[in-house]
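Dear colleague,

I am passing on the structure we talked about, with notes on what came out of going through it. Please read the notes with the model open beside you.

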Amino acid sequence: MVENDYINCKNISKKFGEVKALDDINFVVRKGEIHGLLGENGAGKSTLMNILYGLYSPDEGEIIIGGEKTNIKSPLDSIKIGIGMVHQVSTLVPDFTAVENIILGSEGEKFTLPISREREDIIKISEEFGLQFPADVKIKELSAGVKQKIEIVRALYGGATLLILDEPTTSLVESEFQQLLKSLKVFVDKGVTVVFITHKIKEVMEACTAVTVLRKGKVQARVPKEELGVENLVKLMFMEQDIEVTESALPKVNLPEIELSEKPVAQVKNISIIGDDTSPGLKNISFDIFGGEILGVAAVSGNGEKSIAECIIHPTMLDSGEIFIDEKSMKNNSPVEVFANGVFYTPEDRIKEGILNEGSIKENILLGHHQEDRFLKKKIFIDWKEAASAARDVIKEFNVATPDEDLSIRRLSGGNIQKAILGRAFVSPLKLLVTHNPTSGLDISTVEFIFNKLVELRNKGGAVLFVNEDLDELMIVCDRIAVLHDGELKGIFKRSEFDKFKIGLLMIGG
Amino acid sequence: MAFITSFISSVMVYTTVYTLASLGILISGRTGVFNVAGEGIMLASASAGFLAAFLSGSWFIGFLAGALMGAFFGLILVFVHETFKVNQFILGICLVIFGSGLSDLIYKLVVGVRLSAPIAPDTPEIIIPLLSKIPVLAGFINQDIIVYFMYGAVIISWWFFYKTKIGLETRAIGENPKAADVVGINVSRRRYLATIIGSSIIGVAGAYLTISITKTYSPDISAGRGFMAIGIAIFASWKPQRAIIGGFIFAFIEVFAFQLQILSDKIPYQFFLMLPFISVLVIMVIYRKHIEFPASVGKPYSRE
Ligand SMILES: Nc1ncnc2c1ncn2[C@@H]1O[C@H](COP(=O)(O)OP(=O)(O)O)[C@@H](O)[C@H]1O
Ligand SMILES: [Mg+2]
């Protein structure tokens, strides 16, 4: 053992049913590090940290902290020895204020409320660490960035000297990320050691002083600061897979020249949707999509991009205008009727809008195709054998990591859920795929996989409408990019005209 | 005046039944355990409480037995739910059937068939000097000790949930058990405590029916009030201070319907028996927008 080892997880293994989430892990954190825990989705990062935090119990292995063997059985134990964790999904009570949330579980002196002493202490800590937030506003009224500050302060208030941040950047915008970086430095100055979980190489490069790379439940390497480099990390994360990356650590794809279809697959003609407080609606938008192209829609979130994606499969949303698929008007058609014309959709929020949480993979893959003749016996009974075989095809074609098609879909990781719902689109012959933010929160290898599936469809003469928040990604895979701002179409650019600065400016209304 | 005072007095008696039962339901609901077994608990406790009071000659032992019977049901509910993650509603309905069978069974085993029904000992009344002479107000306070117990239970549980830190933590479990778990609160232990305490309070409500109101046991004595109490807990948005208001409204309707039944001979009496249930529906429809639920109520929680 090296003398300044602070946390030492030794030979940790953990299985969930048949899934081996962690396999003989050795993980060391030194005092004063900002230690990156890097790995693709499903690598086991959260599981490892949940074990350290006492939420999960390991099947094997031991945890040594400050040279002493510990027996952490619950979060109560880990909090006592100075571990604090900000979880991947918010663990605040939405109906309580920040102060109420932070005092939960803490060992206050007083039994009764109000807790003005505690409140002062909390505010003092938040100022000391530069993490100010409104103390008496209900959590549900706050943004993701503020909530995260509150969770960090909660951990610090509990006396954390080791702070685990599980994918803290998922819902942050760039400026909030920069702010978080600054806070990390403050933590270290004040003697707090940090474990920073992420699947983004760019982030560990910017934030971390040492990195442990996890892959498929195994530790690949512990990389000291001097050896941190994009290529090195990509290799460690993905080993046998050969991924070419661009400078921004995004996968490269190959877009061969192909002929466009003679007639457009879809024509969008003068469509409008009246706006409300949640969306600007759409203002008289027209464009065509041809077979053999990927048309990107670039927009800052909340500028009508969701309406564009949705109205194609749900034309009755339109207040005026018309959409044609293969020159056939879709007016008054329901989504299932639109689907029957060779269109399919993967929604923005894969969990909330994309799947039925309680359903199996098979049932979820059938969804949307359930009225097709292929899946019906005697026109009314579902043919489950056929559904199972379609689901197995999707699992195979789209590399969905699952033991079988009957597993509850919510058991899958985000990347695998996305692959499953993308695969669902391909169950029946597909002419137009509308896909909204399919890669958000996914690691590069999955992003690359999804890009290649879109390009494959394009190369076969299919059309893709790719609505995406990340302009870098759009510039990699699109043949054309349409820019949307405040519900208006600001222009459509061909690949040869792609200019990040120009498009970026139009996206913010410049 | 005298009529109003005595009317309120009867209303308060039933308010006590409804409020205690819904208080018991909302206490465990605040930790996420939706106890729909109230009807069964009330029936079993009505029987057990009555028998204990009758045999011992002590009202207190009667209520103690009722509370213990309730605690026993609560223990079954929470144990089976926490251990096997069985659906709370199915479990609750099973316990209703169990309680309803058990109540008659133990009564028949202990008392058998008699010509004159056994009568429970009196429950002591608390008469506050002077105040008890004031009309209308007297209806609220000239009451037996269990009515005061109900007042106390409402105040204490309101204070507990909104003025103490463990009350705040208890509410946190009902909103988001994971949030409570990650800060070191033992979710399962709190669920056990809340369900057992809540169920014993429902047990007191059941025992009150036989020991104090009718003073004798008859089958199906709670007559659906355990189910109505669920409606009241929901109507009250799981808040003790509103449960007593809800309890009062339903007790008022029940007593009012009973009076009408005596006064009117044209309308079939079944109509009046139906009134409280119809009112629940109507009130729920009117209030539906104002009803809040603890977000995790009815859902099992496990870490992995
Ligand atoms: N509660 C759970 N039940 C079953 N499987 C799980 C559970 N949590 C994680 N897994 C599985 O364990 C593996 C590692 O998951 P996780 O630790 O969440 O990965 P990461 O955080 O690196 O994305 C994945 O295959 C995931 O599906
Ligand atoms: Mg994770």
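**Two loops of chain B**

B:Ala223 is found in the loop of chain B that runs between helix 9 (187-214) and helix 10 (225-235), where helices (H or I, at least four residues) and strands (E, at least two) are DSSP runs numbered from the N terminus. Its phi is near 50°, a positive value in a residue other than glycine. At 41% relative accessibility B:Ala223 counts as partly exposed, the terms being buried for under 20% relative accessible area, exposed for over 50% and partly exposed in between (1.4 Å probe, protein chains only). B:Leu130 also has a positive phi, of about 65°, although it is not a glycine; it lies in the loop between strand 1 (125-126) and helix 5 (137-141) of chain B, and at 70% relative accessibility it counts as exposed.

Before going further, please keep in mind that this is a predicted model, in which local features need pLDDT of at least 70 and side-chain atom pairs count only at pLDDT 80 or more, while totals for chains, interfaces and linings use all residues. Residues are numbered from 1 along each chain as its sequence is written, chains are lettered from A and ligands numbered from 1 in the order in which they are written, and side-chain values use heavy atoms, with hydrogens and water left out.

**The ligand site**

Residues from chains A and B surround ligand 1, so the site is shared between chains; a residue is counted here if one of its heavy atoms lies within 4 Å of the ligand. Of the 14 residues around ligand 1, A:Gly42, A:Gly44, A:Lys45, A:Ser46 and A:Thr47 come nearest. The shell divides into 5 nonpolar, 5 polar and 4 charged residues, with Ala, Val, Leu, Ile, Met, Phe, Trp, Tyr, Cys and Pro taken as nonpolar, Asp, Glu, Lys and Arg as charged, and the others, Gly among them, as polar. Helix 1 of chain A gives the largest share of this shell, 3 residues.

Oxygen atoms of ligand 1 lie 2.9 Å from a backbone N or O atom of A:Gly44, 2.8 Å from a polar backbone atom of A:Lys45 and 2.8 Å from a polar side-chain atom of A:Ser46. The protein covers 78% of the 550 Å² of accessible area that ligand 1 has on its own, as computed by the Shrake-Rupley method with a 1.4 Å probe.

A:Thr70, in strand 5 (residues 68-70) of chain A, is buried, with a relative accessible area of 18%, and its side chain reaches the backbone oxygen of A:Ile63 at 2.9 Å. A:Pro58, by comparison, sits in the loop between helix 1 and strand 4 (60-65) of chain A and counts as partly exposed at 29% relative accessibility. Leaving aside neighbours within four places in sequence, A:Pro58 is in contact (heavy atoms within 4.5 Å) with A:Ile12, A:Ser13, A:Lys14 and A:Ile51.

With best wishes

Definitions and conventions: Polar contact = N/O pair within 3.5 Å; in protein donor to acceptor, adjacent residues only side chain to side chain.
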